[in-house]
Amino acid sequence: MKLLYETTIINTGGRDGYVYSPDNIFNLDVAKPVALGGVVSGASNPEQLFAAGYSACFNSALEIQLDKGKVEYASSEVIATVALYPDKTDGGVKLGAKLEVTIEGVDQATAEEYAKKAHNYCPYSKALNGNVEVEITVK
């Protein structure tokens with residue numbers, strides 16, 4: 001397989017630590033959310049980082065599909081919500097994701113069609129397929 005792009009992020013300290021890229025372009029404190037026993041810190045957490053990446057990637061996939069289909073639209077927005085749930089199989093936790101897709105300037109049927117195409121195209125969606133429950137709502 002031909003490599004198109006790769007990146008590296010390093011973590012120290014786990015959920016109460018720091019993440020950074022070797023080139024120092026990306027630097028961020030991370031902390032446990034209050035709901036998981038953390039304290040209010042102003043730092044991000046892995047679920048927020050994942051939601052940011054998924055929403056950006058999915059929206060890019062959506063816009064690529066709309067452009068390929070020569071669909072005229074005013075704008076697009078993807079809101080990603082990432083959650084942790086108890087995993088009954090091993091007593092741990094697992095991810096769940098919800099995507100709220102809005103495409104301004106198209107009818108509902110077209111929006112649903114292109115959200116589905118984006119879901120089939122997006123590398124995040126492909127990676128999650130069969131591993132993480134993803135709920136997509138088209139507004």
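User: Where is the place of Lys70?
Analyst: Lys70 sits in the loop between H1 and strand E4 (75–86). Helices (H or I, at least four residues) and strands (E, at least two) are DSSP runs, numbered from the N terminus. This is a predicted model, where local features need pLDDT of at least 70, side-chain atom pairs count only at pLDDT 80 or more, and totals for chains, interfaces and linings use all residues. Residues are numbered from 1 along each chain as its sequence is written, and side-chain values use heavy atoms, with hydrogens and water left out.

User: Is Lys70 buried or exposed?
Analyst: Lys70 counts as exposed, at 73% relative accessibility. Buried means under 20% relative accessible area, exposed over 50%, and partly exposed in between (1.4 Å probe, protein chains only). Lys70 also has a positive phi of about 55°, although it is not a glycine.

User: And what phi does Asn24 have?
Analyst: Asn24 has a positive phi of about 65° and is not a glycine either. Asn24 lies in the loop between strand E2 (17–20) and strand E3 (27–30), and is partly exposed at 49% relative accessible area.

User: OK, helices. At what angle do H1 and H2 cross?
Analyst: The axes of H1 (residues 46–68) and H2 (residues 108–121) cross at roughly 120° and come within 8 Å. Axes are lines fitted to C-alpha atoms, for helices over the stretch in contact, and angles run from 0 to 180 degrees between N-to-C directions. H1 and H2 are therefore oblique to each other. Angles under 35 degrees count as roughly parallel, over 145 as roughly antiparallel, 65 to 115 as roughly perpendicular, and the rest as oblique.

User: Which residues of H1 and H2 make the contact?
Analyst: Among them are Tyr54, Phe58 and Leu62 of H1, and Tyr114, Ala118 and Tyr121 of H2. Contact means heavy atoms within 4.5 Å.

User: Tyr54 and Phe58: what kind of aromatic pair do they form?
Analyst: Tyr54 and Phe58 form an edge-to-face pair, 6.3 Å centre to centre with 80° between the planes. Rings of Phe, Tyr and Trp (its six-membered ring) pair if their centres lie within 6.5 Å; planes under 30 degrees apart count as stacked, over 60 as edge-to-face and the rest as tilted. Tyr54 is buried at 0% relative accessible area, and Phe58 is buried at 0% too.

User: How many aromatic pairs does the structure hold?
Analyst: It holds five. Ring pairs link Phe50, Tyr54, Phe58 and Tyr124 into a cluster.
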